[in-house]
Amino acid sequence: MDNGVSPLKARAAQAAVAQGLLGEERLIAGFVDVAGVRHAVGELRRAFPDHFMHAFAAKAGCLEGILRLVRSEGMACEVASPGELGQALNAGFPASRIVFDSPAKTWGEIRMALRQGMTLNVDGFQELERVDTVRREQGGSASVIGIRVNPQVGAGTIAAMSTGTLTSKFGIALDDPGSRERVLAAYRERPWLSCVHVHVGSQGCPLELIAAGIAKAVALAQEINAQAGRRQVTVIDIGGGLPVNFDDDTVSPSFGEYATVLREIAPALFSGEFGVITEFGRSLLAKNGFIVARVEYTKVTGGHHIAITHAGAQVATRTVFMPGSWPIRVSALDRTGRPKSGPGMVQDVAGPCCFAGDIVASRRELPLLEPGDWVLLHDTGAYYFS
């Protein structure tokens with residue numbers, strides 16, 4: 001049967017086994033296609049004009065080596081936790097090239113971000129009051145500061161990944177009674193607020209839905225500027241969220257296709273009226289990484305074939321707990337790392353964690369796995385390494 005392993009992945013797995021990077025004591029490894037990441041960043045940059053600043057979403061791949069790689073390709077960095085921020089600084093991103101997003105920023109994090117001049121996106125009115133206090137303490141700040149708004153445009157196919165719903169925990173809801181007026185007042189009273197931030201969602205969200213939310217943020221920015229009689233809002237942060245095709249090796253949708261949809265629905269982004277920040281992560285890394293894990297044991301239970309491997313919920317958390325929303329392709333390799341051949345056998349690929357649901361792939365038809373073989377988990381370059 002066709003085992004679905006590209007020549008590049010096969011060569012990498014074979015080399016890792018031959019060099020002892022995978023073996024009896026090295027049971028699992030993640031691989032990153034450096035050339036593939038560089039190509040993806042190049043495709044992103046070619047799809048958008050030069051006034052777009054592309055910040056890599058660190059949550060998608062917070063290993064310092066990955067962050068150094070995307071920094072070397074000219075990207076900025078978006079962080080949403082103190083751990084991500086520490087990794088970004090270790091990877092050499094200057095504060096001026098860091099965008100700090102989080103719905104739970106502490107007093108200390110706000111003070112540090114404003115002191116160092118990071119871009120800061122405020123998630124709610126209570127946080128905005130803290131920013132007021134910190135700016136007074138510090139005598140102002142060189143930071144670009146914005147408010148994250150929730151355009152309330154609806155959900156995609158994965159509710160947990162949709163942040164532009166009526167009741168999302170993120171941002172300030174634009175369409176709640178009196179909310180838009182309160183946001184406009186916040187900008188009117190704070191001439192130093194110069195950014196509007198929006199992020200509609202990611203996997204499972206169609207491009208038109210994402211673009212519709214961005215268009216509402218653009219309209220808000222234009223209304224703020226009309227209210228101020230000047231260009232108060234100079235930056236719009238449109239987040240990331242380009243979904244990834246996990247069904248095969250095809251890259252779809254592309255950055256170019258997304259840019260085309262944005263030009264149609266939110267054309268002001270391309271006019272130069274605003275500087276634009278993006279926050280792509282999964283779409284840059286997912287298809288440029290994979291995981292290989294050892295098959296330790298196999299068994300037959302009730303006529304059901306099960307392979308116990310070293311890749312489970314500890315790496316594929318979303319896949320294990322939401323298999324319907326996050327299925328991944330799995331291929332079988334022999335003990336040398338070569339794609340395994342033979343008739344297909346329906347079997348489960350299970351992980352090492354001590355609960356019954358630790359299943360990476362259920363009822364998959366693969367060449368029969370045996371102890372000492374390897375399984376290859378495709379499209380796991382984003383989030384699975386974190």
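Strand 13 (residues 330-333) and strand 16 (residues 374-377) pair in the antiparallel sense over four bridges; pairing requires at least two DSSP bridges between two strands. Strands are DSSP runs of E with at least two residues, helices are runs of H or I with at least four, and both are numbered from the N terminus. V330 has L377 of strand 16 as its bridge partner. Strand 13 is covered on both faces. V330 and A332 are buried on one side, S331 and L333 on the other. Buried denotes under 20% relative accessible area, exposed over 50%, and partly exposed the range in between, with a 1.4 Å probe and protein chains only.

The model is predicted, with local features requiring pLDDT of at least 70 and side-chain atom pairs pLDDT 80 or more, while totals for chains, interfaces and linings use all residues. Residues are numbered from 1 along each chain as its sequence is written, and side-chain values use heavy atoms, without hydrogens and water.

Strand 5 (residues 119-122) is likewise covered on both faces. T119 and N121 are buried on one side, and L120 and V122 on the other. Strand 4 (residues 98-101) runs parallel to strand 5, and three bridges join them. F100 is bridged to L120 of strand 5.

Helix 8 (residues 207-228) packs against helix 9 (residues 255-265) at about 45 degrees, with the axes 9 Å apart. Axes are lines fitted to C-alpha atoms, for helices over the stretch in contact; angles run from 0 to 180 degrees between N-to-C directions. Helix 8 is therefore oblique to helix 9. Angles under 35 degrees count as roughly parallel, over 145 as roughly antiparallel, 65 to 115 as roughly perpendicular, and the rest as oblique. Helix 8 contributes L207, E208, I210, A211, A212, I214 and A215 to the contact. Helix 9 contributes E257, Y258, V261, L262 and I265. Contact means heavy atoms within 4.5 Å.

In helix 7 (residues 179-189), the buried residues are S179, V183, L184, A185, A186 and Y187. Their cover includes helix 6 (125-138), strand 6 (145-150), strand 7 (172-173), strand 8 (193-197) and helix 8.

G281 lies in the loop between strand 10 (275-278) and helix 10 (282-285). G281 is buried, at a relative accessible area of 6%. Leaving aside neighbours within four places in sequence, G281 contacts F56, A57 and A60. L242 is 39 residues from G281 in sequence, and the C-alpha to C-alpha distance is 8.5 Å.
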